[in-house]
Amino acid sequence: MIVLAIDTATTDLVAGLVEVRDGDELTARAERVVPTRSHNELLVPTVLGLLADAGLEFSDLGAVVVGCGPGPFTGLRVGMATASAFGQALGIPVHGVCTHDAVASLIDAETETDSALVVTDARRREVYWAQYRGGERVAGPDVVAPAALRLSEGDTSVEVLSVPENLRDQLSVEADTVTYVAPRPVGLVAVADLAATPEPLVPLYLRRPDAKEPAPKPKSPAIPDIAGIAVDGTKGE
């Protein structure tokens, strides 16, 4: 089965075609990881380019896997909406996964580490993070200021810390190895349960949106209070 994997939760646009054999043997047929903030403009052309590179058509796809964050609202909306559109148009399942879980799976496969911390940029002077032990998530995902990030109780350090370079000096977490591992298609597919019925896609925003309902304005002093008269001028009961 050929799986289209998409992630737009970070400043990397991630898209790829992964061949799945015997349930768990994964092979990347084509992939692109592009640092950008123009996910909306680049995602669909990137997918078209991947299919052309691999000599495949949309009809060859058997499923879609998409990263659901944590990530900023705009970025997540682009990837998840596009994945849903592909799934509906092609009549194939769409599986959502935690982006940080996908990164942790790559770290585990490449280093066989026992503990890892995955950190990404949440902007607004905050970071998204999740902690892993033995390949399983034990804390997070959550969003905090970098200086406020603390490991789960009882842990003083991790073996591998994945964090963008511009945020490294803002963290106080001890780690044997500090690096940055971007999400990749194979990692996204590795943490998806392709045999299960897909759950509805739920974005991991982890904080309230910027847009808020305006507070009600106080009544103007120029409007008189008249007992028994409604605002529209009709008589009340």
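1. Helices (H or I, at least four residues) and strands (E, at least two) are DSSP runs, numbered from the N terminus. By that reading, Ala-139 has its place in strand 8.

2. This is a predicted model, in which local features need pLDDT of at least 70, side-chain atom pairs count only at pLDDT 80 or more, and totals for chains, interfaces and linings use all residues. Residues are numbered from 1 along each chain as its sequence is written, and side-chain values use heavy atoms, with hydrogens and water left out.

3. Overall layout. The protein chain has 4 helices and 10 strands. From the N terminus on, the order of elements is β-β-β-α-β-α-β-α-β-β-β-β-β-α. Of its 237 residues, 43% count as buried (under 20% relative accessible area; exposed is over 50%, and partly exposed is in between, with a 1.4 Å probe and protein chains only). Contact here means heavy atoms within 4.5 Å. Among contacts in the protein chain with a separation of 6 or more, 60% come from residues 24 or more positions apart.

4. The largest nonpolar core. A nonpolar core is a set of buried Ala, Val, Leu, Ile, Met, Phe, Trp, Tyr and Cys residues joined through side-chain atoms within 4.5 Å. The largest one holds 25 residues, and Leu-4, Leu-17, Leu-61, Val-64 and Val-66 touch the most other members. At least two residues of this core come from each of strand 1 (2-7), strand 2 (12-21), helix 1 (39-54), strand 4 (61-67) and helix 2 (73-90). A second, separate core has 14 residues, including Leu-117, Leu-149, Leu-151 and Leu-167.

5. Val-66. Which residues does Val-66 contact, leaving aside its neighbours within four places in sequence? They are Ile-6, Gly-79, Met-80, Ala-83, Val-94, His-95, Gly-96, Val-97 and Leu-201.

6. Helix 1. Helix 1 has 16 residues and reaches 22 Å from its first C-alpha to its last, close to the 22 Å expected at 1.5 Å a residue; the expected span is 1.5 Å times one less than the number of residues. Its buried residues are His-39, Leu-43, Thr-46, Val-47, Gly-49, Leu-50, Leu-51 and Ala-54. Their cover includes strand 1, strand 2, strand 3 (25-35), strand 4 and helix 2. Gly-55 follows helix 1 and has a positive phi, near 65°.

7. Helix 1 against helix 2. Two packed helices are described by the angle between their axes and the distance between the axes. The axes of helix 1 and helix 2 come within 10 Å and cross at roughly 35°. These axes are lines fitted to C-alpha atoms, for helices over the stretch in contact, with angles running from 0 to 180 degrees between N-to-C directions. The crossing is right-handed, that is, the near helix is turned clockwise from the far one by less than a right angle (left-handed if anticlockwise). On the helix 1 side, His-39, Asn-40, Leu-43, Val-44 and Val-47 meet Val-78, Gly-79, Thr-82 and Phe-86 of helix 2. By class, this contact has 5 nonpolar, 4 polar and no charged residues; Ala, Val, Leu, Ile, Met, Phe, Trp, Tyr, Cys and Pro count as nonpolar, Asp, Glu, Lys and Arg as charged, and the others, Gly among them, as polar.

8. Helix 3. Helix 3 (residues 99-111) has 13 residues and reaches 19 Å from its first C-alpha to its last, close to the 18 Å expected at 1.5 Å a residue. Thr-99, His-100, Asp-101, Ala-102, Val-103, Ala-104, Leu-106 and Ile-107 are its buried residues. Just after helix 3, Glu-112 takes a positive phi of about 55°.

9. Backbone points to check. Most residues other than glycine have a negative phi, and most peptide bonds are trans. A cis peptide bond joins Gly-69 and Pro-70, with omega about 15°; Pro-70 is in the loop between strand 4 and helix 2. Another cis bond joins Gly-140 and Pro-141, with omega about 0°, and Pro-141 lies in strand 8 (residues 136-144).

10. Two arginines. Arg-123, in strand 6 (residues 115-123), has a positive phi of about 65° although it is not a glycine. Arg-123 is partly exposed, at 38% relative accessible area. Arg-125 lies in the loop between strand 6 and strand 7 (126-133) and has a positive phi near 60°. Is Arg-125 buried or exposed? At 78% relative accessibility, Arg-125 counts as exposed.

11. Ala-139 again. Ala-139 is buried, with a relative accessible area of 13%. Beyond its neighbours within four places in sequence, Ala-139 contacts Trp-129, Ala-130, Gln-131 and Ser-152. Ala-139 and Leu-151 are 12 residues apart in sequence and 7.9 Å apart in space, C-alpha to C-alpha.
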